[in-house]
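Biologist: Please take a close look at a single part of this model. I would like one connected account of it.

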Amino acid sequence: MRRRAVTGALYATPAAILVALFFVVPLLLVAWMSLHRWPLLGSPKLNLPANYSAIADNALLGSAAWFTVRYTVIITVLLFVVAFGLALLVQNRRRGVGFFRTAFFLPVAVGFASASLLFLGLLSEEVGPLPFSGDGPALGSVVLLVLWRFAGFNMLILLTGLQAIPVDVYEAARIDGATRLQMFLRITVPLMRPTIALVLTMMVTGSLLAFDQFWILTRGGPDNSTTSLVMVIYREAFVRLDLGSAAGISVVLLVLLAVLSSLQFAFLRRRSA
Amino acid sequence: MSRWSYYVTGTALAILFLFPLLWSGWASVRTDSGFGAENYARLFTSSNGIRPVHVFNSVVVSALTVGGTLVVATFAGYAFGRFRFPGRDVLFLLTLAILMVPYATILIALYVLLGWLGLEDSLVGLSLVLIVFQLPFSVFMMRNSFEAVPIELEESARVDGCTSFGTLVRIMLPAVRPGLVTVGLFAFLTSWSEFFAPLILLNSTGKFTAILAVVNMRTASHGSIDYAALEAGVVFMAVPCLVLFAFLQRSYVRGFTSGALKG
Amino acid sequence: MKAMLAAVVLVLATAACGAEKQGSADDGTTLTLWTRAATESVSKAYADAYNAGHRNKIEVTAYPNEEYPAKLASAAGVKSLPDLFAADVVFAPQYAAQGLWADISEQFSALPVKDSVAPSHVRAGTWEGRNYALPHTIDLSVMLYNKDLYTKAGLDPEKPPRTLQEFAEHARKIDKIGGDVHGTYFGGNCGGCVEFTLWPSVWAAGGDVLDADGRSARIDSPEMAQVFALYRDLYDEGVASPGSKGEQGPTWLGALQGGKVGIAPGPSVWLDAIEAKGVKTGLAPIPGITGGESTFVGGDAVGIGATSGKAQQAWDFLAWTTSEEAQVEVIAQRKGVPFRTDLAANRYSSADPRLVTANGLVAKGKTPYARNFNATFNDPQGPWLTAVRGALFGNPTSALMAGNDAINQSLRKE
């Protein structure tokens, strides 16, 4: 048995080395930076807790946090509804289902940067086919992009969850006279809880860290109405050139995300156990 | 759902989802005088357009990333799915936690690190970083794929005298093939089209990947965007991925079924 | 001839600081030069001309405009800056203060032409009395107007406005043509565009926007309020194209190239790009409300990367860019504005009176100076854009008052 443990550890070693070197070490470096005033060149000076206390005075950060939370709720709800709807639509084998699945999934094959550039043209006044103007609904265009790009991916994950539910469970319910809605709420949803939780966790985390879509499509405007948390981190690091402050905000965000995710997992485990 | 409403809804949604792709294809060949390849010509010949070396670099980075991700994620997935060893759960959670880090923050730290390793401004260094960012999805996928393989299959191999490595290569790999295809496919997609990491980690024009040139098209002349050439760039970047995804559809759907099932 | 030249060089070199040291400045070294995509063509033209006559070789690498500052910052963070890098001149004080460029005070003060190098650019590259950067390209804000639309509206295309009020009248007249023609256009969702085009009107009226060391702002001045009120009216009346409100900068030129805009302030370097689309364009200085003229001297500054080990060779290139050969045969030849004030009139500009107008503005204009300029004024998340949007599309008085406090805070932030 000991030998088997050693073998297992050996197989995990490449991943462990990469994670340690390219994730844990940079993370520690970020934490270390957050304790300092960290000039681009020259030697850092300890300035604890200035980088953290400044967070409270950062008005932009407050509005960005509020926006990011709203954005996360909007995206999570819409994306989940759309993806689940698509999954239900294509769950059964019937004619044309392969084509539909491919059509919904194909946007996933466009890289996110390329997809953002695509929408930059698609939604532009100059060449786009849609009646949008430069001052059009900035948040709306981002939501559209994210729905288009990610609905298919989430559909596929939800689809695998749907298909794992044994058919005879539904049969038994039908014999008992359950309606379609009852079956959905009493059978489908509870049995899919792990899959749903996985999809929701990914949506929430992804939205809280959203950056690329705003960076390319809206630049955070108009009037800072689409400035996300990570955009503020970017501004601290690369516009204000204050790496210590950027690191401080990152650490706080990271801790919040870790707490959120572990709560989600704890909740899940209890419910599904 | 009735047959009729199934087809109407499905078709309407399919048109909506395909529309942006079709539009970008159309916009990329539309010219002042009708249709033609002029936008593509501009994409490849303008002073800051895509050069053959950029495409070559993208191919190298993609190959390294796909290969590296497959090897590391397969070993790790096998370890997590079939072995018990100290630190297993911590390492697994740590791997998933990579998803929780704001990319913009640790890029500088990663850049510093690559410098220490003598890998700054190198395609290998960039690929290593991309592999790490592929790990959460890939390791999760491979662990579940390995868990889904019936334990009897592995045990019969061991009875036949196979080493654990022999079992992995000869018995397990064929069984987790859909998972491997899925992991490889997504590694390719990310490495081929990732923009921010190469921007920060590469310094010389000769090392640039193709996406950097495409984004350069966006901002080449301050005050106007060459949308047509930009869409040509988008199409150029998207086509290899679209072709692969269309061809390998059966595999990755099965990959998801066996891999992503368990939370 | 060559031998004589060599002899002269040798004598000069010996006189300066020893033949060996000077001789090694052009010794076949390869130098990397980073620039943003918008400046790439100019940087490459410099490099080609320099490479043709020198043993050193300049290699230009261009990065996307928006991501360029991030690229520079991360390269500095790991001490791998290029040998030379150019940057938007308004960012120069910040880069100088952060020590991203090497100190070139000694070399610069020994430069025979130093007094005619665009003074506002030189000032921008100065931090605590030391020089860190030279001008690389010059881009001036000017009034650009559509001559055909002027004629169509019954205006004289040879008589551009001499006051900002006249500018508004002209715009209104042209707007009456109707259809999809609009009187004017501006970048109403782009802090950099607004400061570039509106501040000259404030300066022309004798007002000021920033103090000399860039630590306090005066955007709540009556001069500033008047200028904003004028543009605000043009927008409210529909004289300014509705697209102005959302314009973030990337499609600004495209709007003028369409030939449907009467008169608009914009970068002088666009003259060629607009005419290339068949729009006959006039150029005039940006006036103040009741007269006077000024310009925002923009463009890029260039310096030696602080972590470069080839400072001497890099200076050889920088010194060469100040030569008449570079400023006339490279810059003026491609219709650019030479950064040497004594070369404003040259054999290329004399062919086009509009270029003489532009070149003559360099000495009159200003380049605002502040260490936190980018974070305060150019960054879309900075306080200036909030104030601009308020002044143009919201509550004008409170926007400029409140904006001034926020801007001062941002300017003084360490």
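Biologist: How many residues does the contact take from chain B and from chain A?

Modeller: This is a predicted model, in which local features need pLDDT of at least 70 and side-chain atom pairs count only at pLDDT 80 or more, while totals for chains, interfaces and linings use all residues. Residues are numbered from 1 along each chain as its sequence is written, and chains are lettered from A and ligands numbered from 1 in the order in which they are written.

The contact takes 72 residues from chain B and 69 residues from chain A; two residues are in contact if their C-beta atoms, placed from the backbone, lie within 7 Å. On the side of chain B that touches chain A, helix α1 (residues 3-29) of chain B gives the most, with 12 residues. Helices here are DSSP runs of H or I with at least four residues, strands are runs of E with at least two, and both are numbered from the N terminus. By class, that side of chain B has 57 nonpolar residues (Ala, Val, Leu, Ile, Met, Phe, Trp, Tyr, Cys and Pro), five charged ones (Asp, Glu, Lys and Arg) and 10 polar ones (the others, Gly among them).

As for chain B itself, it has 13 helices and two strands. Its C-alpha atoms fill a box of roughly 70 × 65 × 30 Å along the principal axes. Of the 263 residues of chain B, 53% count as buried, that is, with 20 or more other C-beta atoms within 10 Å of their own, C-beta atoms being placed from the backbone. Among contacts in chain B between residues at least 6 apart in sequence, 81% join residues at least 24 apart.

Definitions and conventions
A residue is buried if 20 or more other C-beta atoms lie within 10 Å of its own, exposed if 12 or fewer, and partly exposed in between; C-beta atoms are placed from the backbone.
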